[in-house]
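Have a look at the structure first.

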Amino acid sequence: MEVNIPDVLAEVTEAFERYEKALTTNDVAVLDELFWDSPHTLRYGATENLYGADAIRAFRAARPSAGLERTLGRTVITTYGRAFATANTEFHRAGSDRIGRQSQTWMLTPEGWRVVAAHVSLMV
């Protein structure tokens, strides 16, 4: 298996950056699109555990749209072969000293790259 094939790494990086822009601008349609539409998809958030794409969509539709801006740091994207990748990053929000962490597992589907598992947490 090849790690970080340049064209695959570029594709996943583009999908990750698209996700980040959608997250900070509350573009729920793009956020929903970029999560795999499956009951197997999961997202562990800072205050919630979501199982399945339907639960993730419901969370996105109900969450507040203010205060979503953040600054990323130490982002590491790694691809494994041509259909699997991980993206990990730290983030900081203005007015907070806490460091946030986000991990995503990406899979290439017939529709394109999709998040199949995500985890968001804050360091205490």
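What follows goes from the overall fold to one helix and then to a few single residues.

A word on the ground rules: this is a predicted model, where local features need pLDDT of at least 70, side-chain atom pairs count only at pLDDT 80 or more, and totals for chains, interfaces and linings use all residues. Residues are numbered from 1 along each chain as its sequence is written, and side-chain values use heavy atoms, with hydrogens and water left out.

**Overall fold**

The protein has three helices and six strands (DSSP runs numbered from the N terminus: H or I of at least four residues for helices, E of at least two for strands). Reading from the N terminus, the order is α-α-β-β-α-β-β-β-β. The radius of gyration is 14 Å, close to the 14 Å that the globule rule gives for 124 residues, so the protein is as compact as a globular protein of that length. That radius is taken over C-alpha atoms, and the rule is 2.2 Å times the number of residues to the power 0.38. Along the principal axes, the C-alpha atoms fill a box of roughly 40 × 30 × 25 Å.

Of the 124 residues, 40% are buried; buried means under 20% relative accessible area, exposed over 50%, and partly exposed in between (1.4 Å probe, protein chains only).

**Helix α3**

Which residues of α3 are buried? In this helix (residues 53–62), they are A53, I56 and R60. They cover an arc of only 60° around the axis, which puts them on the same side of α3; the arc is that of the directions from the helix axis to the C-beta atoms. The face turned away from that side carries the exposed residues D54, A61 and A62.

The buried residues of α3 pack against these elements (contact means heavy atoms within 4.5 Å):

| Element | Residues |
|---|---|
| α1 | 6–25 |
| α2 | 28–34 |
| β1 | 42–44 |
| β2 | 49–51 |

**Single residues**

T78 is in strand β3 (residues 71–80) and is buried, at 15% relative accessible area. Beyond its neighbours within four places in sequence, T78 touches V3, N4, F84, A85 and T86.

One of those partners, N4, lies in the segment before α1 and is partly exposed at 30% relative accessibility. Most residues other than glycine have a negative phi. N4, however, has a positive phi of about 60° without being a glycine. N26, in the loop between α1 and α2, is also not a glycine and has a positive phi of about 55°.
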